[in-house]
Amino acid sequence: MRHRLIPAILSLVVAASPGGVAADVRLVEAGIICPRESSGELVPAPRTEAGHIRLIDESLGFDLLSRTVPTMDGLSFGFRTELEPGVSLRDVTVVVTHPPMGAAAVVREEWDDVLAANDASLNLFTFEEAYEKVPGIWTFAIEVDGQPVVTVPFEVTKTDGRNEVERACFQFLS
């Protein structure tokens with residue numbers, strides 16, 4: 001099983017891209033994963049703000065299928081995609097856009113990936129550093145040949161959605 005996590009998107013938009021690029025990648029689901037200890041190998045990703053992504057267990061499930069994401073420590077959000085039936089392999093670029101972040105005011109982060117048949121791909125952003133907690137519209141996308149074929153926006157907020165996340169993530173704590 002492949003693993004991946006980016007150091008880390010209101011409504012769903014899944015679109016075939018212009019210019020003849022086949023939209024053979026589809027959205028499976030998108031949402032939020034409750035805070036948990038980050039583990040996994042860091043691999044270079046020079047077109048990201050941090051310069052790396054973290055490899056994780058891609059079988060993790062979403063705890064909340066919400067697109068409103070409060071800026072809480074350790075909270076992850078993102079999407080799971082897969083290839084359409086009959087497609088065996090596809091080179092893609094995973095793209096995350098967001099309001100300016102970090103000292104360089106980065107607004108677009110990306111890395112290359114290969115999607116394989118029968119292998120769903122999980123891509124997440126996890127709030128690990130204070131400078132990452134930038135409210136606004138964040139968008140996760142899969143691009144093929146520079147054209148978006150799956151796009152999923154999220155609204156990152158300071159407080160909206162916090163009650164839902166706390167209920168989903170901490171309901172057994174007292």
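A nonpolar core is a set of buried Ala, Val, Leu, Ile, Met, Phe, Trp, Tyr and Cys residues joined through side-chain atoms within 4.5 Å, where buried means under 20% relative accessible area, exposed over 50% and partly exposed in between (1.4 Å probe, protein chains only). The largest such core here has 36 residues, and Phe 77 and Trp 138 have the most contacts inside it. This is a predicted model, in which local features need pLDDT of at least 70 and side-chain atom pairs count only at pLDDT 80 or more, while totals for chains, interfaces and linings use all residues. Residues are numbered from 1 along each chain as its sequence is written, and side-chain values use heavy atoms, with hydrogens and water left out.

**Nonpolar cores**

- The most is given by β10, with 5 residues.
- Another core, of 5 residues, lies apart from the largest one and includes Ile 33, Ile 56, Leu 122 and Leu 124.

**Sheet and strand pairing**

- Five strands form an open sheet in the order β4-β10-β9-β6-β7, with mixed pairing; two strands pair if DSSP finds at least two bridges between them.
- β4 (68-70) and β7 (106-116) are the edge strands, each pairing on one side only.
- From one strand to the next, the twist averages 25° (axes are lines fitted to C-alpha atoms, for helices over the stretch in contact, and angles run from 0 to 180 degrees between N-to-C directions).
- β6 (residues 89-101) pairs with β9 in the antiparallel sense over 5 bridges; Thr 93 has Glu 143 of β9 as its bridge partner, and Val 94 stands opposite Ile 142 in β9.
- β6 and β7 run antiparallel and are joined by 10 bridges, with Met 101 opposite Val 106 in β7.
- These two strands, β6 and β7, form a hairpin with 4 residues between them, and Gly 102 in the turn has a positive phi of about 75°.

**Aromatic residues**

- The whole structure holds 10 aromatic pairs; rings of Phe, Tyr and Trp (its six-membered ring) pair if their centres lie within 6.5 Å, and planes under 30 degrees apart count as stacked, over 60 as edge-to-face and the rest as tilted.
- Phe 127 and Trp 138 make an edge-to-face pair, 6.0 Å centre to centre with 85° between the planes.
- Because Phe 127 lies in the loop between β8 and β9 and Trp 138 in strand β9, this pair ties together parts that are 11 residues apart in sequence.
- Phe 127 and Trp 138 are both buried.
- One aromatic cluster is formed by Phe 77, Phe 79, Phe 125, Phe 127, Trp 138, Phe 140 and Phe 154.
- Over the ring of Phe 154 sits the charged end of Arg 67, 5.8 Å from the ring centre (the criterion is NZ of Lys or CZ of Arg within 6 Å of the ring centre and within 35 degrees of the ring normal).

**Two buried valines**

- Val 134, in the loop between β8 (121-126) and β9 (136-144), is buried at a relative accessible area of 14%.
- Not counting residues up to four places away in sequence, Val 134 touches Thr 71, Pro 99, Pro 100, Met 101 and Val 156; contact means heavy atoms within 4.5 Å.
- Val 43, in strand β2 (residues 42-44), counts as buried at 18% relative accessibility.
- Leaving aside neighbours within four places in sequence, Val 43 is in contact with Gly 51, His 52, Ile 53 and Leu 55.
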